[in-house]
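I want to look up a few contacts and write down what turns up.

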Amino acid sequence: MKSKVDSKFTPMIGLEIHCQLNTLKTKLFCSCNAQFRGEEPNTYTCPVCLGLPGSLPTVNENAIDCAIKLAHAFDSKINKRMYFFRKNYFYPDLPQNFQITQYNKAGGVAFADGGTISIKFDNKIKNIELDRFHLENDPGKLVHEGGDIESSNETLVDYNRSGIALIEIVTKPVIESPREARIFLKKLRSIISHCEIVDLTKDGAMRVDANISIKGHARAEVKNINSFKEVERALKWEIKRQINKLKKGQETEQETRNWNGKITTLLRSKESENEYRYFPEADLVPIEIKQDWIDDIKEKMPELPDERIARLQEEYGLKEYDATVITEDKEVADFYEECCKLNENYEAIKNWLMNDIMGILNEENLSISSTELKPKLVDEFISAIDSGKVTTKIAKKYISKIIKGIGIKKWMKKQGVKKITDKEKLNELADKIISDNPDVVEDLKKKPKTFQYFVGQMMKATRGQADIQLTRKILKEKLKKYMK
Amino acid sequence: MPSLNQLSGIEIRDKIRTQEISSEDIVLACFKRINDVESKINAFTEVFEKEAVKRAKEIDKKIKKGEKVGNLAGIPLAVKDLISVKGHQTSAGSKMLNGYISPYDSTVIERLVRKQDAIIIGTTNMDEFAMGSSTESSFYGATYNPWNLKFVPGGSSGGSGAAIAADETILSLGSDTGGSIRCPAAYCGVAGIKPTYGRVSRYGIIAYANSLEQVGPISKTVKDSALVLQNMAGKDPKDATTVDESVENYLDIIENGIEDFTIGIPNEFYGEGLDPDVEKQVRNAIKILEKKGSNIIKVSLPHIEYALPTYYLIAMSEASSNLARFDGIRYGYKTDNTDGNFNEVFSRTRGEGFGPEVRRRIILGTYALSAGYFEMFYIKALKVRTLIRQDFLKAYEKCDVLIGPTMPATAFEIGTKLDDPIQMYLEDILTVPINLAGIPSMSLNCGFASNGMPVGMQIMGKFFKESDIFRTAYVLEQEMKYFKQRPDLGGY
Amino acid sequence: MTKDSKLTIEDTQEIAKLARLQLSKEEEEKFTTQLNNILQYFEKLSELDTKNVEPRTHPNDIVNSFREDVVEESLDKEEALKNAPEKKDSYFKAPKIV
């Protein structure tokens with residue numbers, strides 16, 4: 001709850017999100033392989049992305065396709081004629097000491113202007129307006145030997161990432177709380193992954209900078225919010241800092257701050273803010289996007305999150321909330337639907353997937369594709385529960401193994417979850433259960449399917465250890481007189 | 001009987017093809033000449049003697065066996081030291097790149113050397129980063145004009161111009177951002193063409209001002225220029241600014257004459273400050289063209305007087321960005337004093353690695369692009385560029401080519417302008433409008449001044465009509481025959 | 001352009017800093033004088049009225065020159081690193097940041 005004092009101060013948040021177009025095969029301005037992660041430093045480089053004298057950039061056509069897709073997803077207005085600019089600043093990760101980007105001043109335009117992303121929270125819908133988005137290249141990566149950026153005496157540079165295509169999305173300063181920012185980013189993630197232009201399972205595929213101000217006061221830009229999970233924390237901290245300053249009667253200043261995981265610290269004040277000297281990049285020719293190109297991509301647009309949420313409710317009977325949560329991560333939604341193709345207990349799949357499996361994955365910071373989890377395993381697992389072979393208790397014990405690719409049957413065998421094959425013991429138990437449930441026995445006369453209830457009770461009583469075949473045989477013998 | 005290395009590229013090509021001479025013969029003849037005169041001229045930054053002889057032998061073997069060889073098979077070629085040649089130093093005449101070995105070939109080398117079998121005999125000297133009109137600012141010392149060693153050879157491709165004039169090579173390549181092919185061609189009494197912007201790939205050419213420059217040949221004869229250009233021109237997927245326009249076979253049409261041509265004489269090229277010796281020779285050439293059947297008309301390019309400041313603003317702005325990459329991390333010079341953070345080390349590295357003219361231009365370019373001055377300087381210059389381009393387009397509605405002097409005077413003495421930037425910039429007053437417009441232009445020797453120094457004239461063509469230029473130049477060359485005159489350097 | 005575009009030594013220092021170019025004291029003075037002469041010469045452009053003229057940002061009229069998204073071989077690690085003044089393992093070495 002906001003305190004009374006704080007309500008005088010309205011935070012205004014604008015986000016700048018860099019997304020790596022890591023589904024492309026090559027970099028934005030050269031033909032180097034874009035799948036650089038995990039490779040030895042400086043092995044995915046060429047004269048262009050190393051900035052060697054004489055090299056020239058060329059534009060990856062598929063990057064334009066990606067941007068058009070995104071414009072459709074946001075309903076942004078694509079600029080029909082545009083060109084690239086150079087943004088000049090010196091930094092060791094930038095091989096030319098300029099970045100090739102798009103600029104919306106000095107006669108330039110972004111790739112696309114406007115657009116919205118609608119988010120739903122507290123039972124209301126809010127449309128977050130976008131200002132623009134544009135294409136640019138990623139710099140290389142710095143390694144600060146023997147410390148961090150401030151204490152290290154030596155910087156090592158790996159240019160494998162240099163030149164990877166980025167789309168920078170800039171929102172208007174219309175986000176009013178850190179929580180809203182988090183919900184917005186979740187929705188944005190879902191959209192870009194549904195557009196299949198960003199593989200979010202890759203580290204650093206989406207990076208966020210935030211512009212934060214208190215209404216009527218100067219804004220600060222917070223950089224290096226490395227994980228999207230940290231956005232909410234970083235924003236909370238920075239808002240508090242600014243409000244505290246204002247409460248003391250001081251003014252906030254226009255500055256750039258660094259989020260170090262705990263607090264934000266001053267990176268540079270406006271006076272020393274870099275002079276970027278934007279000017280047109282004459283090595284690249286202008287881009288003109290004709291309507292038929294735009295229409296062509298529109299026809300090939302994949303299903304977007306809002307459409308999918310509606311369809312999941314329709315097709316699998318999910319509640320809106322569940323459909324929304326599942327769709328937040330395209331990979332999860334895809335996985336869910338794969339499982340549903342094999343097993344019709346949609347509700348159970350949803351519950352186990354969202355409550356248990358995702359819980360484990362999130363805790364260990366894993367994506368589905370980085371594990372051995374397969375729809376087949378989920379099907380086997382859900383079937384085992386449904387047939388009563390596995391009790392909830394055992395299922396809970398097992399579930400962490402499913403992401404290691406271990407099937408429930410195999411696990412149970414290995415666990416030595418011993419089957420109770422003692423006929424006498426099972427006979428005794430069956431008698432007890434039958435006598436304890438005279439009503440159900442009555443039901444059985446009308447509905448033979450009620451038989452399954454007794455199987456379930458037997459399994460439950462033995463914590464799933466009763467031999468299923470034997471149990472069925474015993475029950476059948478005892479109950480057949482009640483069944484047709 | 002002239003020595004082999006005095007022959008033209010076309011003559012050498014034919015003699016190698018018919019096996020009258022071998023490639024090795026001509027390569028060795030060039031190296032003999034280099035040994036004899038290079039100490040006076042200093043045209044080269046590096047010679048590839050061993051490699052060139054080895055390559056010549058390979059080509060000779062192929063020819064003997066009757067195997068297919070390229071269009072420039074076995075012909076010696078010298079290339080300006082900003083054209084990347086894999087495995088060799090590409091220095092741009094700068095301490096900054098002393099020792100930098102290019103790990104890749106520029107597209108022009110790919111085409112002329114790897115595909116068409118020309119033989120690189122060495123890299124030629126130039127003004128540092130192509131910024132200059134005299135080839136005095138090179139880290140490797142000045143180049144001297146073969147016609148008179150007290151004079152500059154022009155620049156920035158002075159090494160290529162001097163090497164051709166001194167018969168140290170058969171063919172050569174230069175680059176032209178504001179006159180850097182045409183100026184040395186004029187001062188050294190040879191031929192050189194700056195092609196239409198987008199005609200030749202810039203991939204692998206160390207950039208000075210990327211919206212203005214093109215690579216082109218400097219050669220003894222007009223046909224040699226045509227031979228080189230037609231083998232390197234055309235769309236390159238690695239240079240987005242190259243145009244997908246078919247390249248004519250210039251040699252097929254070069255002798256077609258100019259009877260149907262209308263030739264424009266732009267007033268503004270003959271204004272105040274033009275050396276009377278230069279004007280006399282150019283006017284004389286115009287008379288020849290008239291006699292040969294072309295129609296001569298007067299035209300006006302009213303915005304030419306603004307070309308020089310426009311050019312320098314654009315070129316310096318682009319240079320300030322193009323040269324930002326030299327920071328001592330990936331390649332090139334790095335300061336010995338590595339105290340401090342990257343900003344301090346970069347500043348020291350760049351302060352020590354770049355010469356004074358390069359630093360002047362970077363500073364002015366940085367200023368012109370900075371907030372508050374961008375509109376006033378850079379955008380203004382781009383607008384004037386539009387006007388200058390329109391002037392040319394209008395003139396070409398009435399004529400096929402334009403004729404004017406290349407330089408306002410003949411070559412000047414070494415050291416006389418080095419410390420006076422404006423005097424040096426004024427050298428380019430007649431060459432820079434062409435780069436701003438993007439049209440092709442050739443400089444051709446059209447006689448000699450009273451002091452014995454060569455005079456160059458400019459033949460400017462329509463966009464992508466290098467063929468018109470070649471036809472005009474060929475007529476003049478065959479009439480005037482100045483290409484047969486040689487500076488006396490001794491040694492034969 | 002106005003007379004305000006006259007540079008002071010401090011301006012030269014500021015721009016040199018922005019361009020990462022260390023100049024000596026003498027150079028700062030000499031450059032300031034030379035740069036002012038050049039700027040004065042550039043002022044000629046202010047004579048021209050260019051209000052309705054489009055700036056020529058690109059030298060020719062071609063548009064949409066694209067490259068297909070097909071991987072080509074990168075440089076060998078040795079080739080990529082061979083010109084580096086300083087390297088460590090397969091990294092380039094750069095000065096410290098702060």
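I count two residues as in contact if their C-beta atoms, placed from the backbone, lie within 7 Å. The model is predicted, so I note that local features need pLDDT of at least 70 and side-chain atom pairs count only at pLDDT 80 or more, while totals for chains, interfaces and linings use all residues. Residues are numbered from 1 along each chain as its sequence is written, and chains are lettered from A and ligands numbered from 1 in the order in which they are written.

**Domains of chain A**

I looked up the domain assignment, where bounds come from an automatic or database source: domain 1 is 6–296, domain 2 is 303–415 and domain 3 is 423–482.

**Chain B against chain C**

Here I find 52 residues from chain B and 43 residues from chain C in the contact. On the chain B side, α13(B) gives the most, with 11 residues. Helices here are DSSP runs of H or I with at least four residues, numbered from the N terminus. I sorted that side into 27 nonpolar, 15 polar and 10 charged residues; Ala, Val, Leu, Ile, Met, Phe, Trp, Tyr, Cys and Pro count as nonpolar, Asp, Glu, Lys and Arg as charged, and the others, Gly among them, as polar.

**A helix pair in chain B**

Which residues of α4(B) meet α7(B)? I found B:V108, B:R111 and B:L112 in α4(B) facing B:V228, B:N231 and B:M232 in α7(B). This contact divides into 4 nonpolar, 1 polar and 1 charged residue.

Note on methods: Helix = DSSP H or I, 4+ residues; strand = E, 2+ residues; numbered from the N terminus.
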